[in-house]
Amino acid sequence: MGKGAPEPESTLAAGDGRYAIVVARWNGDITSRLRDGAIETLQRHGATDAQIDVFPVPGAFELPLAADRLAQGGDYVAVICLGVVIQGETLHHEYINSAVAHALMESGLQAGIPVIFGVLTVRNREQAEARAGGSAGHKGVDAAQAAMEMVALLNRIDAQ
Ligand code: RBF
């Protein structure tokens with residue numbers, strides 16, 4: 001479990017719903033680790049293969065459009081978005097990070113399901129690797145945990 005994760009692992013459950021994972025191919029060696037961590041975490045909490053669909057996109061900038069379409073479609077209880085944006089020599093990363101964060105937040109609010117921001121925003125590859133199952137946790141695991149926690153919370157709220 002990543003540092004500061006709010007919910008004990010033991011109380012999490014995937015439930016019956018389907019989960020969409022949207023994963024950027026940019027920095028694919030690291031985003032594939034995030035993807036695998038998210039899949040394994042969902043499976044560890046009871047999700048079957050049929051409950052998990054993976055949708056690759058070119059880069060982090062493309063996460064919001066795919067996530068929005070999936071969230072609006074009504075087939076999924078949560079959309080987990082994974083990417084790695086590494087700081088370059090330009091300010092490109094800052095535009096991507098804030099645009100993507102805002103767009104994913106908006107999609108979640110519009111569709112009424114959790115759209116999870118599992119994007120590593122880091123200075124270099126070392127920081128990214130540390131957060132993809134290295135010394136500083138696993139953002140893919142954290143993202144899947146957040147998705148399951150929010151699905152359960154929304155179900156609880158709806159049942160009141
Ligand atoms: N996509 C990422 O997912 N991570 C990156 O670190 C990243 N860096 C980029 C840097 C530059 C200068 C450009 C032009 C694109 C970068 N992209 C990155 C790709 C971006 O998310 C998107 O796929 C492309 O800009 C096409 O819309």
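**Around the ligand: a short walk-through**

Let me begin with the residues around the ligand, which are W26, N27, G59, A60, F61, E62, V84, V85, I86, H92 and I96, where a residue counts as near if one of its heavy atoms lies within 4 Å of the molecule. What you see is a predicted model, in which local features need pLDDT of at least 70 and side-chain atom pairs count only at pLDDT 80 or more, while totals for chains, interfaces and linings use all residues. Residues are numbered from 1 along each chain as its sequence is written, and side-chain values use heavy atoms, with hydrogens and water left out.

By type, this shell divides into 7 nonpolar, 3 polar and 1 charged residues, with Gly counted as polar and Glu as charged.

Turning to polar contacts, meaning pairs of N or O atoms within 3.5 Å, a polar side-chain atom of E62 lies 2.5 Å from a ligand oxygen, a polar backbone atom of G59 is 3.4 Å from an oxygen of the ligand, and a backbone N or O atom of I86 is 3.1 Å from a ligand oxygen. On its own the ligand has 540 Å² of accessible area, and the protein covers 67% of this, by the Shrake-Rupley method with a 1.4 Å probe.

Which elements give two or more residues to the shell? They are strand 3 (78–86) and helix 3 (92–111), and strand 3 gives the most, with 3 residues; helices (H or I, at least four residues) and strands (E, at least two) are DSSP runs, numbered from the N terminus.

Finally, H93 lies in helix 3, and H93 is buried, with a relative accessible area of 9%, since buried means under 20% with a 1.4 Å probe and protein chains only. Leaving aside neighbours within four places in sequence, H93 is in contact (heavy atoms within 4.5 Å) with V85, I86, Q87 and G88.

Key. Polar contact = N/O pair within 3.5 Å; in protein donor to acceptor, adjacent residues only side chain to side chain. Buried < 20%, exposed > 50% of the residue type's maximum accessible area, 1.4 Å probe, protein only.
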